[in-house]
Number of protein chains: 2
Amino acid sequence: MSTPFLFPQWMKAQSERTESALDRLLDPNKLPPIRLHQAMRYAAQGGGKRIRPLLLYATGELAECELSRDALDAAAVAIECIHAYSLVHDDLPSMDNDDLRRGRPTVHKAFDEATALLVGDALQSKAFEILAAIECDPLVRLDLIHSLAVASGSRGMAGGQAIDLESVGKTIELQDLQQMHAMKTGALLSCAVRMGGVIAHLNAAQLEQLTIYSQALGLAFQVVDDILDATADSQTLGKTAGKDAAQDKPTYVTLMGLDYAQQKALELEKIATASLECFGSKAQALRELALLVVNRGK
Amino acid sequence: MSTPFLFPQWMKAQSERTESALDRLLDPNKLPPIRLHQAMRYAAQGGGKRIRPLLLYATGELAECELSRDALDAAAVAIECIHAYSLVHDDLPSMDNDDLRRGRPTVHKAFDEATALLVGDALQSKAFEILAAIECDPLVRLDLIHSLAVASGSRGMAGGQAIDLESVGKTIELQDLQQMHAMKTGALLSCAVRMGGVIAHLNAAQLEQLTIYSQALGLAFQVVDDILDATADSQTLGKTAGKDAAQDKPTYVTLMGLDYAQQKALELEKIATASLECFGSKAQALRELALLVVNRGK
C-alpha cells in the first residue's frame, strides 16, 4: 500500500534538503579567500522560495527506477548558484540598483560592489564545478552542464536580461514580451525541470511533455508576477510594489489589462497540468507546484 | 625526415587558428539579442597575445597519437571566453575603472555598464557550453569543464581577484603575494596547459611535469609584469606604466627590488624548461613560450 502524497510535507522536506545541500556543497566560510566565500554563502543561503530546486525534485519523483539523490542535490545547488548569481548582479547599481533582497541588504550593500561582482562570477563557476563532479553517468553530467550553460547564457537568462534592459521605456509587442520572459526567467525554470528529468532517466517523449509543462509554468510565473506588482502592496509582496510601472517597464498588465492577465494565468495552469497526464499520480508534486505558482499572493 | 620546428611560423599559425575558432564558435552578431552578441564578440575578439590558447596548442604538440583538432579549438575558445570575461569585469568602474583595453574603449565604454556585466556573465556560460558540446570522450570533456571551473572560481581566478582587492594599501608578505598571483593569473595559465595535456591523452606523470612547467611559467609571467610596470614606458607596455605603484599595489619589485625580480624570472624560466626534458623535441613550442614570457619587453 502506498502512502498518500501530502504536498505541504513534501515541500518542507525538499526545502530542508535544498538548504542542507547548499550548506554541504558551497565552499566553507573558513576557507580562504574567506570574505569571498562568506559573501557567496550570504548570496546563496539567503532563503527565497527555492522554486527551481522544488521543480527539480518534483521532476525526480517521475523516475521509474532508483535515482541518485546525490545527483539531484548537486543539480539543485548548481541551479541555485546560477539563480543567486543572477540576483547579485541584477541588484548592482548599474542594473536595478536594489539595496534590499529577501529583507536583507543586497550583497554589494552588505559587502561592496567589487565583491558582489566577484561573488556572482564565482557562483557561476561553482555551478559547473559541482555538476562536473557528480558521481553518475558522464553523459548525464554533460547534459546537465550543457542545459544549464545554454539556459543561463546569451540565448537564455543573460540574453533575456539584455533584451529587458533595451525594452525599458520602449513600446513592446506582447510576443516580444513573452520571448523576453521566456529567456529571462523561463529558461532557468525549464532547465530545472529538464535536469530533474535527465537525472530520472526519462525518455525523449517524456522530456517533451515536461517542456510543455515548464514553458507554461514559466510564463504563468511571470504573468502572476505582473499581476502582483500591479495589485498587491509591498508588504505582501516582500519587495517594492508597482516598481515595474514606476520604471516604465512593459508588463502583461500594462500591455493587456488585469482581466486578460488573470485569465491567462489560469489557462497556463491548465496547459501545465494537462501535459502531466501521462505521468499519473507520480506527477502530483509538479501539479501542486503549478497551482502554487498561479495562486501566489492569493 | 621530420621538418625543423620554426617557432615564429608555429606562433602565427596557432594565432590564426585561435581567431578563426573564436569566429566560428561564438554566437554570430546577427543572432538576437544582437547587441549582447556584438558586445561579446567585441570583448573576445579584441586581439591580445592569446597566450592561453598558445599554451594549450603547444601542449597538444606533446600527443603521441592522433588528437582531435576540434577539441583543442573548442578548449582554446573556452579559455579565451573566461579570460575575456575576467577582463571585461575587471575594467568596470567598481573594479579597475579602465577606459581602454588593447587600445580600444573597454566594453562598458563602447556599450554600457549593464551590458558589460551581462557580457562577462554570458561569456562565462559560453565557455562551459562549448566544452560540454565537444565531440570527444565524455570523461575528457568533464575533466576540461571541472578544471576550467575550478581555475576560474573562488579558489582560482576570482578568488585571486578578491585577495588582490583586499591587499591594496596593505603590507603583504612575499608568500601571500605569490599565492594571490598563483590564483589570479597562474590558475588559468596552468589550466590551459592541463587542458591541452588532457586532450592529448597524456598520463598522470606527464601531467605532473606539466604542472611544474605551468606553475613556474605563471609566476614568471607575473614577475615580468611587475618588472615591466616598474621599468618600461606606457607606449612599450601598451597600458599605463607605473600603475601598480601609483595604486599602492604590492609587486615583486616594490617588495623585493628590481635585481631580485630579474634574477627570479630567469630562475623560473630554467625550472619551466627543465620540467619539459621528458618530452624531448616535442616540447619545443612550450620551451619557446617560456622564453617568450621571460623576455617580454626586451
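Mentor: Start with the side chain of A:Ser125: one of its polar atoms sits 3.2 Å from the backbone oxygen of A:Asp121. Bear in mind that this is a predicted model. Both the distance and everything below are computed from it. A:Ser125 belongs to helix α6 of chain A, which covers residues 113-132. Is A:Ser125 buried or exposed? With a relative accessible area of 0%, A:Ser125 counts as buried, because the cut-off for that is under 20%.

Now look at what surrounds this serine. Once you set aside the neighbours within four places in sequence, A:Ser125 is in contact with B:Gln124, B:Ala149, B:Ser152 and B:Gly153. That takes us over to the other chain. Of the interface residues of chain B, 100% are interface residues in chain A too, so the two copies meet through the same surface.

How do the copies sit relative to each other?

While you're in chain B, have a look at helix α10, residues 204-231. Its 28 residues reach 40 Å from first C-alpha to last, close to the 40 Å expected at 1.5 Å a residue. At the start of α10(B), B:Asn203 brings a side-chain oxygen to within 3.1 Å of the backbone nitrogen of B:Ala205.

Terms used:
Residues numbered from 1 in each chain as written. Chains lettered and ligands numbered in written order. Predicted model: local features only at pLDDT ≥ 70, side-chain atom pairs only at ≥ 80, totals over all residues. Heavy atoms only, no water. Helix = DSSP H or I, 4+ residues; strand = E, 2+ residues; numbered from the N terminus. Buried < 20%, exposed > 50% of the residue type's maximum accessible area, 1.4 Å probe, protein only. Polar contact = N/O pair within 3.5 Å; in protein donor to acceptor, adjacent residues only side chain to side chain. Contact = heavy atoms within 4.5 Å. Expected span 1.5 Å × (residues − 1).
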